Amino acid sequence: MEKGTFYITTPIYYPSDKLHIGHTYCTVATDTIARYKRMCGYDVMFLTGTDEHGQKIEEKAKAAGVTPQEFVDNIVTAPGGIKDLWKLMNISNDRFIRTTDDYHVEAVQRIFKKMYEKGDIYKGAYKGMYCTPCESFWTESQLVDGKCPDCGREVHYAEEEAYFFKLSKYAKPVQELLEGGEFLEPASRVNEMINNFIKPGLEDLCVSRTSFSWGIPVDFDPGHVVYVWVDALFNYCTALGLLNDKYSDFDKYWPADVHIVGKEIVRFHSIIWPAMLMSMELPLPKKVYGHGWLVIDGGKMSKSKGNVVDPYKLADMFGVDALRFFLLRTFPFGSDGNFSNELLISTINTDLANDLGNLVSRTTAMAVKYFGGTLPAEREHDALDDELISMAKDAREKYAAQMDKFQLHLALEEVFKLIQRANKYIDETAPWVLAKDEAKKPRLAAVIYNLLETLRIALIMLKPFIPESCDKAFEQIGADEACIAWETAATFGVLPASVTVVKGETLFPRVDMAKALVELEKMNKPAGPVFPPVEPNVTIDDFAKCDMRVCKVLSCEAVKKSEKLLKFTLDDGSGTPRQILSGIHKFYEPEQLVGKTVVAILNLPNRKMMGQDSCGMLLSAVHEENGKEELHLLMLDDNIPAGFRLC
């Protein structure tokens, strides 16, 4: 029986040239909730997609020598891209939106104009600090140690003409919404939003840019493109047909029942998004749920940190369902989870191989061995059965209570309590002993039937998590479509009395931990950094003009009022100390460098830095990737005397 509609979304993902398990985590969780709601009888709309505009895309496309559209197409729709990953992970989304889709572009232009005509968007000029990777402007007070508070990277000063959204106008109603206690979960996120962003004072939000062109044009003011938050956030509405002719089910599914988002974008979804919907006089989503991160050694996964985990490799090695299960069984959904290969393998072996897989294998094997696969209708009940049957009848209600709160790991905990109890029941009833006495065959039939029924109920609850494996298991235990409906999961005795089972393949083979870790180490060994091409040839005469000498660091200290500069006093072999300033403080502390042997170019013109003389330049090895610089000061064997020349 249909229970109504349920609209659930993931964030639209930024096209990255390196997908990792963190991307998969959110989408698998959302997919599991969507599958559960469909199973319960809801008309579900599950939306995901990609956020494809912005300065980062424009810069990456230029560096790759392609157009921005070609760049995003190569990541979203090409083999191994985002759509392929969702297909691999058995994601059941009903719709996939790209912010480059024509209907979305047209709708966003109309939305922008409506808010402008209402007076909630106005033209001004932006002056402040900007983080290119996050595409966010920040005030000085919002920076953390002078860096972006979201990603921790360098920011730079930006100034340009822009349109602004009157976010400050909606501070009070947004605060009241958050304080209502239903809109944002987990509850820990609420105080963070109010105390860190609303109470210090919401500033109006920059919603257009003129310094790049890869975005949705503001159709009434050429030169401006709609900034990411209007463009990206309204996908949840345009994908249903708001202000476009592509779809026509906005009134059916809106407002969204829940937006599932990572904690790093909770601010945009719980403050900016409701404010813009208020401006458009549209109903607000019922809930925003901010899940935690998968972390490695306490740090968020990211390509720039070199700690990404490839879901393609894991799925190929362990299976898609095993990977889906691990992500949702192991980590509380609202909190961070520390990923490790050891934990992945241990979870597969303990829960899937030992508990679930073993129960399916033992039960079907006994049915085949003792009854040729078809149970006799005659069965004999015993008091030993009561606890298992009672637990099986009650499991659905406990499971549903956790699923409805998005506590996926706790829902799985209820299922595995039942599975573990069934395994214990086998030891208590000792079917192998019963099988030796022909008179006890009715009792043996009852034991095996009880195990099959317990499995049927457990598998119904597991199907949103591991759908393909559950379908295989249903076939093995003889459960047809009529036996696996959600309505039957609270009833014990649904399988036919003379059910026929089939001994099938092992659902989850046990993983050899040592061998698997060796293989993963080989697969995940990071490739070396990609360096720029060698510059055009220079002559030996050009090289000889640079006077590069070995120097000893006599002293080193930070330059006052500068975050980057260190002041070196060097012995260059001339007998007169030399002073050189170098911008390497973010990589070294002064005390690390005293006494070291370094290389400097000495015949450069002297220059002033922070009012002090710098007489030369120290040599360093430098590499930059994804906007993050890595630098190593060139140091030599301390046995080389000061003043020796490099040639």
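1. Lysine 263 lies over the face of tryptophan 293, at 4.5 Å from the ring centre. A second contact of this kind involves lysine 56, whose charged end sits over the ring of tyrosine 14, 4.0 Å from its centre. Note that the model is predicted, and these distances should be read as such.

2. Strand E12, residues 258-262, is mostly covered, with 5 of its 5 residues buried. Val258, Ile260 and Gly262 point one way from the strand, while His259 and Val261 point the other way. Both sets are buried.

3. On the pairing of E12: strand E1 (residues 5-13) runs parallel to E12, and the two are joined over 2 bridges. Within this pairing, threonine 9 stands opposite histidine 259. E12 also pairs with strand E13 (residues 288-291), again in the parallel sense, over 4 bridges.

4. Together with helix H11 (residues 266-279), the two strands make a β-α-β unit, and the unit is right-handed.

5. A search of the whole structure finds 27 aromatic pairs. One of them joins tyrosine 36 and tyrosine 399 edge-to-face, at 5.9 Å centre to centre and with 75 degrees between the planes. Because tyrosine 36 lies in helix H1 (residues 21-39) and tyrosine 399 in helix H15 (residues 384-403), the pair ties together parts that are 363 residues apart in sequence.

6. Another pair is formed by tyrosine 163 and phenylalanine 220: the ring centres are 5.9 Å apart and the planes stand at 80 degrees, so the pair is edge-to-face. Tyrosine 163 lies in strand E6 (residues 156-165), whereas phenylalanine 220 is in the loop between strand E10 (216-217) and strand E11 (225-226), so this contact ties together parts 57 residues apart in sequence. Tyrosine 163 counts as buried, at 3% relative accessibility. Phenylalanine 220 is partly exposed, with a relative accessible area of 26%, which is not under the 20% that buried requires.

7. Finally, a cluster. Tyr7, Phe234, Tyr236, Phe250, Tyr253, Trp254 and Trp273 form one aromatic cluster. Among its members, Tyr7 has a number inside the range of strand E1, residues 5-13, and Trp273 has one inside that of helix H11, residues 266-279.

How values were computed
Residues are numbered from 1 along each chain as its sequence is written. This is a predicted model: local features need pLDDT of at least 70, side-chain atom pairs count only at pLDDT 80 or more; totals for chains, interfaces and linings use all residues. Side-chain values use heavy atoms; hydrogens and water are left out. Buried means under 20% relative accessible area, exposed over 50%, partly exposed in between (1.4 Å probe, protein chains only). Two strands pair if DSSP finds at least two bridges between them. A crossover is right-handed if, with the strands pointing away from the viewer, the path from the first strand over the helix to the second runs clockwise. Rings of Phe, Tyr and Trp (its six-membered ring) pair if their centres lie within 6.5 Å; planes under 30 degrees apart count as stacked, over 60 as edge-to-face and the rest as tilted. A charge sits over a ring if NZ of Lys or CZ of Arg is within 6 Å of the ring centre and within 35 degrees of the ring normal.
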